[in-house]
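Here are my notes for you, point by point. Keep the model open while you read.

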Amino acid sequence: MSRESESLVGQLFHNNDYTINEYITGGSFGAFHVGTDNKTGKQVGVKLEKKDAEQMQLFLEYGFYRALGKARFIPQIFCFGPIGDWHALVMEMLGPSLLGINAKCGHRFSIETTTQLMVQLMTVFEYIHEHGIIYR
């Protein structure tokens with residue numbers, strides 16, 4: 001997806017509870033921004049998808065997060081709703097992005113880091129599958 005969602009930077013939404021900030025990355029199904037919870041001042045993740053997307057995925061993702069419940073590696077969902085021509089899913093930030101960490105490491109992870117990541121990912125995939133969701 002293009003950086004089209006950057007036009008939303010600085011906008012308030014969901015009764016002015018959240019502000020959309022820096023664009024982080026985008027993919028075939030949407031864009032990801034860092035946002036601010038205006039009540040607490042904490043950073044949140046904001047996933048955005050155009051309302052006229054050919055294959056709407058964000059509402060499905062919202063449902064999957066609700067089905068998964070609480071786990072240390074599943075972000076808490078704060079809200080799902082519209083902002084202009086977009087749908088927005090606001091979620092807890094679990095930590096720094098792998099994209100950012102990889103850049104700090106010279107775009108190369110050690111074998112130890114890669115192994116630790118794989119073990120963590122397998123734990124997450126196992127949890128998701130135990131809840132009847134197949135991650136593709």
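1. Where does K39 lie? K39 sits in the loop between β3 (30–37) and β4. (Helices, H or I, are DSSP runs of at least four residues, strands, E, are runs of at least two, and both are numbered from the N terminus.) K39 counts as exposed, because its relative accessibility is 65%. Here buried means under 20% relative accessible area, exposed over 50%, and partly exposed in between, with a 1.4 Å probe and protein chains only. The C-alpha atoms of K39 and M91 are separated by 14 Å, and the two residues are 52 apart along the chain.

2. A word on what you're looking at. It's a predicted model, in which local features need pLDDT of at least 70, side-chain atom pairs count only at pLDDT 80 or more, and totals for chains, interfaces and linings use all residues. Residues are numbered from 1 along each chain as its sequence is written, and side-chain values use heavy atoms, leaving out hydrogens and water.

3. Now look at V46, in strand β4. Its relative accessible area is 0%, so V46 is buried. Setting aside residues up to four places away in sequence, V46 touches F13, I20, A31, F32, H33, G35, A88, L89 and V90; contact means heavy atoms within 4.5 Å.

4. Over in strand β6 you'll find H87. With a relative accessible area of 17%, H87 is buried. Its contacts, again not counting residues up to four places away in sequence, include K47, L48, M56, L58 and F80.

5. (The arc is that of the directions from the helix axis to the C-beta atoms.) An α-helix has 3.6 residues a turn, so residues three or four places apart point the same way. After α1 comes G69, with a positive phi near 70°.

6. The second largest pocket has a volume of about 160 Å³. (On a 1 Å grid over the protein atoms alone, a pocket is an open set of points where a 1.4 Å probe fits, with protein on both sides within 12 Å along at least five of seven lines; lining residues have an atom within 4 Å of a point. The volume is the space filled by probe spheres set on the points.)

7. H14, in the loop between β1 (12–13) and β2 (18–27), has a positive phi near 55°. H107, in the loop between α2 (98–104) and α3, has a positive phi near 60°. Most residues other than glycine have a negative phi. H14 is partly exposed at 37%, whereas H107 is exposed at 61%.
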